[in-house]
Amino acid sequence: MRVMLAAVLAAGGVAAGAAPAGAADPTWRAGSLAGWESLGALLPGRPAELAATGSTVAVIGTDGPLRIGDPGGGRAVRRPRSRFPGGIAYLGPRRLLAGAGCAVQRTDDDGATWARGVLPGCDHGDATYGPGPSLVVVDDRTALASYRDRTWRTSDAGETWAVTPARGDAPAVALTADVWFRVVVTGGPVYKDERSVVLRTTDAGRTWDRLALPDVLWPGGVRRPAEDGRATAALAVRPGGALVVGYGRTLLTSVDAGTTFAARDLPPNDTPAPPAIAGPEEPIERVLCDPAGSCVVGTGELGLGGGAGRGRVFDGEAFGPTVDGPPERAAVSPAPGVVVGLTYAGGDDYKSGPVTYRLVRSDDLGATPYRSAGEWYGGAVGMDGAGFVTGFGPGGDRVSGDGGERFGTAPPGVVRRVRLRGRPGRALALTATGALWRVVDGAWTLRNRVSGIGPATLVDAGDGGAFVVGTRGIRRLSAAGAIETVRHPAPGRLDRPPWAVDRGRTLLVGGLRDHGKGSGGFVLFRTTDGGRRWTRVPGPVAERLSESGSITFVDERVGYALRGDVVVRTTDAGRSFRRASVVPVLDTTKDDGTSDESAEVGTLDVTFSDRRTWLAQTTSGLLRTVDGGRRWMPVPAPLGLSAGAAVLRGDRLLLETPSAAGLWRTSLRSWQRTPSIALRLVRRLGPERARTVRVAGVVRSIPPRGHVVLTAVRADGTTTPLRGVAAVRGRFVATVRLPSGARGLRAWYLGSAEREATIPGAGSPLVRVP
């Protein structure tokens with residue numbers, strides 16, 4: 001099967017006693033999940049937003065789980081259903097709000113369940129693909145959710161939201177339910193001409209007044225009106241309701257909601273910057289106040305540590321010594337003296353890849369350099385399609401062949417790995433330089449070398465040895481380590497590393513033909529006598545097999561391969577192939593229930609344990625069959641994460657969640673019994689042959705609220721996802737339009753892996769629509 005390596009992990013690691021060399025100790029772990037064991041630390045994808053309450057910090061990224069806990073450690077929990085999160089904010093000590101599209105989702109149980117509050121009149125996209133609104137908390141029951149053109153308010157802790165009269169830029173801070181402040185940038189089209197003004201409303205956005213700010217100090221020692229120089233005001237609120245405004249090189253404070261201000265100029269730095277980063281004084285850019293009332297004021301000058309710039313601590317009356325300013329992407333202060341934030345780590349969303357941020361922390365308001373509280377990159381733990389658990393770190397790869405129980409240091413440059421059948425804990429590996437290594441219980445031993453055969457593939461020979469199949473030659477490594485030359489069926493005529501598979505006496509070798517200036521079609525060869533005689537496998541299936549669709553033999557004669565979403569089978573050791581099953585594509589639906597027609601869908605990989613038990617990895621998750629593909633059942637991943645590579649051996653499942661760089665083990669026997677779904681056609685909406693229909697269904701043995709997907713089924717068995725619908729107390733009703741060629745409908749419950757129980761997925765019988 002195609003190798004599927006893990007995404008990178010912020011704080012890499014595996015189970016205790018088996019941590020990869022050089023990787024950081026795991027700090028953020030999964031919360032307790034019924035029936036699941038987490039083998040590694042988790043991270044929130046690219047960190048994007050922060051929230052804090054007391055000593056608890058919540059971090060959400062563009063993917064991966066939501067992390068909740070003390071900044072030095074915590075647990076990963078289910079994220080809200082949103083691909084691009086908006087703001088997150090705590091409303092009181094337990095309720096966490098998360099902006100998502102035209103909704104604000106809320107949880108009171110650390111992500112175990114999420115409820116959705118709709119923003120009426122919103123037209124900013126759906127909660128799965130659209131960035132969410134920003135959030136400003138006023139008190140334990142009042143909060144604001146804003147886009148640039150509209151603001152909503154809740155007065156019942158997020159249960160319901162009502163649109164306010166406010167228009168224009170979103171509020172930056174709020175003192176009460178009706179008194180808000182925002183910054184508006186004005187000026188000409190040239191950046192240097194931009195100015196910013198601070199506006200106040202005392203009637204929830206019906207009217208806005210421009211604050212009368214005193215003259216402020218600008219870089220270079222010039223004092224003039226606040227709006228006279230190029231700068232953007234920085235706003236914050238101290239405990240007790242004092243407004244703090246940073247403008248130019250002056251900090252303005254008001255205890256009467258912005259009616260009058262006291263001005264204090266930022267002193268020069270008392271710690272000179274090294275010559276390499278020294279530069280002119282810059283305006284105040286960020287202000288953050290901790291729960292005790294101390295504020296850290298950051299400028300645009302280069303910092304000395306992990307903060308975003310130089311700054312000062314302000315205690316409400318006077319400035320303290322020079323410190324590193326708050327991180328620039330986002331920052332919160334969950335406890336006195338503590339700052340946790342996101343600072344730029346790399347990328348530009350163009351040539352150098354996506355922008356990434358690093359989670360950093362200070363316990364003294366930046367007086368000492370910020371330290372990392374979780375990298376988005378650096379170490380990793382993951383798994384390939386053969387079930388090898390790999391820990392990546394600066395000290396090199398560490399690979400386990402027994403499901404993460406024992407690890408050994410891998411040699412550099414490993415390009416292929418293969419598990420030896422019938423030999424637990426044993427494997428062979430091939431490096432880019434042609435070195436062949438044997439792995440026994442985590443210990444790596446050099447066995448031999450091959451050369452002159454071109455880019456190669458490693459194949460288990462079934463007797464403790466292996467075939468090394470290259471573009472120009474084939475070598476066989478015996479169990480004792482000796483090398484033997486095997487005749488190649490098409491030497492020099494394959495344009496990339498071929499793939500091959502062996503089962504008993506049969507060896508199959510395939511690849512794309514090299515036509516000199518370009519590649520030709522796919523060819524497949526077969527031998528049963530160790531390579532003395534080769535025959536070409538006939539048939540259109542063999543011609544169209546891609547290198548990502550390798551063949552797996554489950555006995556001497558029966559093997560399986562994947563072509564698109566179709567599983568094909570050979571019962572004559574590879575002479576011919578026939579259609580065996582179609583893997584259903586279940587869920588490309590968005591939160592509003594519609595299908596995302598632009599999403600890439602399909603089957604990525606299928607592993608075959610025997611003639612009946614298979615495991616499919618698709619763009620919509622994992623599916624399992626125990627009857628040779630007649631019936632497929634969705635397999636839920638922990639915390640609602642997307643599943644990557646997975647291996648099923650008996651009832652033991654090992655799977656990877658790449659977006660969180662997580663690795664998990666479970667026993668299927670620990671899961672609750674499989675639910676059942678009944679689907680029926682209510683009526684057609686239109687003429688007798690109309691393709692728009694209303695259906696209703698019942699799902700038994702699921703949580704009070706579950707997600708169901710409706711798919712159309714064509715005559716050839718392929719599926720098209722139509723829409724998602726919520727099953728409330730096990731019941732759902734939906735209206736769908738069948739595409740051309742569809743012969744019926746099926747409903748699917750995708751399963752759930754949560755704290756209380758893991759419930760497998762299920763599908764309904766086909767409902768025919770003539």
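I began with Cys295, which is buried at 0% relative accessibility; buried means under 20% relative accessible area, exposed over 50%, and partly exposed in between, with a 1.4 Å probe and protein chains only. I then looked up Cys289, which also counts as buried, with a relative accessible area of 13%.

I noted the basis of these values. This is a predicted model, in which local features need pLDDT of at least 70, side-chain atom pairs count only at pLDDT 80 or more, and totals for chains, interfaces and linings use all residues. Residues are numbered from 1 along each chain as its sequence is written, and side-chain values use heavy atoms, with hydrogens and water left out.

I found that Cys289 and Cys295 form a disulfide with sulfur atoms 2.1 Å apart; the term denotes a pair of cysteine sulfur atoms within 2.5 Å. I read a torsion of about 95 degrees about their S-S bond, so this disulfide is right-handed.

I turned to Cys102, which is joined to Cys122 by a disulfide, S to S 2.1 Å. The torsion about the S-S bond of Cys102 and Cys122 is about -70 degrees, so the disulfide is left-handed. Cys102 sits in the loop between strand 8 (95-100) and strand 9 (103-107), and Cys122 in the loop between strand 10 (115-118) and strand 11 (134-137), so the pair ties together parts 20 residues apart in sequence. I took strands as DSSP runs (E, at least two residues), numbered from the N terminus. Both Cys102 and Cys122 are buried.

Counting bonded cysteines along the chain, I recorded the pattern 1-2, 3-4.

Notes. Helices (H or I, at least four residues) and strands (E, at least two) are DSSP runs, numbered from the N terminus.
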